[in-house]
There are 2 protein chains.
Amino acid sequence: MSASMESSMFTPHKYFLAHISLDCVVFGFHENQLKVLLAKLKGRDEWGLPGGFVGIQETAEYAASRVLKERTGLDQVFLQQFYVFSDPDRGEQLKEVESLKAISGSAIDIEWFKQRFISIGFYALVEFSQVEPTPDVISDACQWWDLAEVSKLMLDHNLILQKALETLRLQLNYQPIGYNLLPATFTMPELQRLYEAILGKQLDRRNFHRKITGYGILKKLNERRTGVAHKAPDLYSFDLDKYHQALKEGLQGGW
Amino acid sequence: MSASMESSMFTPHKYFLAHISLDCVVFGFHENQLKVLLAKLKGRDEWGLPGGFVGIQETAEYAASRVLKERTGLDQVFLQQFYVFSDPDRGEQLKEVESLKAISGSAIDIEWFKQRFISIGFYALVEFSQVEPTPDVISDACQWWDLAEVSKLMLDHNLILQKALETLRLQLNYQPIGYNLLPATFTMPELQRLYEAILGKQLDRRNFHRKITGYGILKKLNERRTGVAHKAPDLYSFDLDKYHQALKEGLQGGW
DNA sequence: CTACATTGCGTTACACTAACACAATGATAC
DNA sequence: GTATCATTGTGTTAGTGTAACGCAATGTAG
């Protein structure tokens, strides 16, 4: 829903494939917490995942990256589809006339939202500090939420979020998850907190250090993080070549 | 495409969601080889995956199980969606008028096949001996293929098959793959051949035995397989409770 | 009844994991 | 300036799991 489309009545059926939508679970990491980007639809109390539709000549992946560009300002976002949500009743709430009134002023074809949608779930990993959360024309808010503080979301979005998190855990040894969630340089404790947040359990500091350095995917920089309390920790960055090489076979061993 | 719909001109758009299709990669295991079920469309030389469309009140999963019931005769098939294929050009071949002529006699609305489809990929695990491969109204053959002997398939079906196989490998420790591909009772060498076929590499016989029994998911029966050459191997069956219990955490350790 | 490929069980060296110890560091409090 | 103290970097050890191999038992084929 780019700016050029807002000038006249917007007719989604001319631009998007019917029945197909996508929802993005955008993960960030900040202050040792996993965050997720949520938006609030106009006229509704519940929050929901940023979503959109697939253009008639787009791949689903391209559509998702387009949506994320609009919501985050980011261009090259790490994206993975993880599940298709196709319960025929998953859109019931949305069809209620009441809940659509608020967006009718947006010059959006309400009929479009009444059809049945099968939604492709994507998860995205972004560097928290690079994101500028931006609402779209049918939302009046868009912001980060602490994963632990997310309550009832619209439609089946809690389910989608849960499934995304499960996928993230399972793919931790197969996808460059650390690389995409952390800034270019980071400390060992920060990397460990990220792993702990994703896995939902504590890890032994010393064993974590040995194991992660054993993969040979990190470069230790000749720098420390100063200005922070206590002993200054070493700074690291990922060795991208070796990281991707190692991920092909999967990082060995469980957490 | 049940029998009742064949009596008059079949109008898919009244029964199925537009733009959405599904393709099933049906795996079987026979004579120590992984097999895949393929169908040949009328009037085309290439083979392809069994597929179908999603009814206007069906989940994608239900639609896939309906398709599989028709192709295999089986009712309760183990099914997992694994990827969505949404390249806007993935259906180009199919739109050629020539390739649609042959099925036009089937009283099927050719226009239906000219639209763009986003396809949901499912993989299915079935017990080879229980399957009765059955062509549908637009196919003139349906049969098992040895995985190694599959050549160029229609559309992007080679890609779908490859992605299914990758998924199968990654999920070997998280899904009841052995249980669904093997008959109720089996020998240790048979189970090992299955693992080897999926992983694409040889495993040490003795270490495999120790590891797989160590999970506690097998029940050793008081029976041996006789009539076959050489020493009679013990028969096993899965302990379903313990199998599912162990899969929740994932079978530990790599192959 | 002998040969032999295959099965079942065992052994050993090595790598990895879990659990814990200890000294070094650097901002903070006084 | 200096003592405090949470935190970091590195090390140790016992236990567990893995890889690579040995050997006797078995059941069909010849």
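A:Glu190 is partly exposed, with a relative accessible area of 22%. Its salt-bridge partner is A:Arg225, and the closest N and O atoms of the pair are 2.4 Å apart. A:Glu190 belongs to helix H7 of chain A, while A:Arg225 sits in the loop between strand S9 (218-224) and strand S10 (234-238) of chain A, so the pair ties together parts that are 35 residues apart in sequence. A:Arg225 has 27% relative accessibility and therefore also counts as partly exposed. The model is a predicted one.

Stay with helix H7 of chain A. The helix covers residues 188-199, twelve in number. At 1.5 Å a residue it should span 16 Å, and its end C-alpha atoms are 16 Å apart, which agrees. Its buried residues are A:Met188, A:Leu191, A:Gln192, A:Leu194, A:Tyr195, A:Glu196, A:Ile198 and A:Leu199. Just past the helix, A:Gly200 takes a positive phi of about 70°.

Other charged pairs follow. Side chains of opposite charge can pair when their charged atoms come close. Over all chains, the salt bridges number 32. One of them joins A:Arg90 to A:Asp156, with 2.7 Å between the closest N and O atoms. A:Arg90 lies in the loop between strand S5 (78-85) and helix H2 (92-95) of chain A, and A:Asp156 in the loop between strand S7 (139-146) and helix H5 (157-170) of chain A, so this bridge ties together parts that are 66 residues apart in sequence. A:Arg90 is buried because its relative accessibility is 10%, under the 20% limit. A:Asp156 is buried as well, at 15%.

B:Lys69 pairs with B:Asp75, the closest N and O atoms being 3.1 Å apart. B:Lys69 is partly exposed at 36% relative accessibility. B:Asp75 is exposed, with a relative accessible area of 55%. Back in chain A, shared partners join the salt bridges of A:Asp23, A:Arg90 and A:Asp156 into one network.

Of the atoms of DNA strand D that come within 4 Å of the protein, sugar and phosphate make up 45%.

Several side chains reach the bases of DNA strand D. A polar side-chain atom of A:Arg210 lies 3.4 Å from a base oxygen. A:His230 places a polar side-chain atom 3.4 Å from a base nitrogen. From chain B, an N or O atom in the side chain of B:Arg210 is 3.1 Å from a base nitrogen.

DNA strand C has 22 residues around it, of which A:Arg206, B:Pro189, B:Arg205, B:Arg206 and B:Asp234 come nearest. H8 of chain A and H8 of chain B each supply at least two residues of the surface near DNA strand C. By class, that surface divides into twelve charged, five polar and five nonpolar residues.

Which parts of DNA strand C do A:Lys211, B:Asp234 and B:His230 approach? A polar side-chain atom of A:Lys211 lies 3.4 Å from a phosphate oxygen. A backbone N or O atom of B:Asp234 lies 2.6 Å from a phosphate oxygen. For B:His230, a polar side-chain atom lies 3.5 Å from a base nitrogen.

Key. Residues are numbered from 1 along each chain as its sequence is written. Chains are lettered from A and ligands numbered from 1 in the order in which they are written. This is a predicted model: local features need pLDDT of at least 70, side-chain atom pairs count only at pLDDT 80 or more; totals for chains, interfaces and linings use all residues. Side-chain values use heavy atoms; hydrogens and water are left out. A residue is near a molecule or strand if one of its heavy atoms lies within 4 Å of it. A polar contact is a pair of N or O atoms within 3.5 Å; within protein, one must be able to donate a hydrogen and the other to accept it, and residues adjacent in sequence count only if both atoms are side-chain atoms. Helices (H or I, at least four residues) and strands (E, at least two) are DSSP runs, numbered from the N terminus. Ala, Val, Leu, Ile, Met, Phe, Trp, Tyr, Cys and Pro count as nonpolar, Asp, Glu, Lys and Arg as charged, and the others, Gly among them, as polar. The expected span of a helix is 1.5 Å times one less than its number of residues. Buried means under 20% relative accessible area, exposed over 50%, partly exposed in between (1.4 Å probe, protein chains only). A salt bridge is a side-chain nitrogen of Lys or Arg within 4 Å of a carboxyl oxygen of Asp or Glu.
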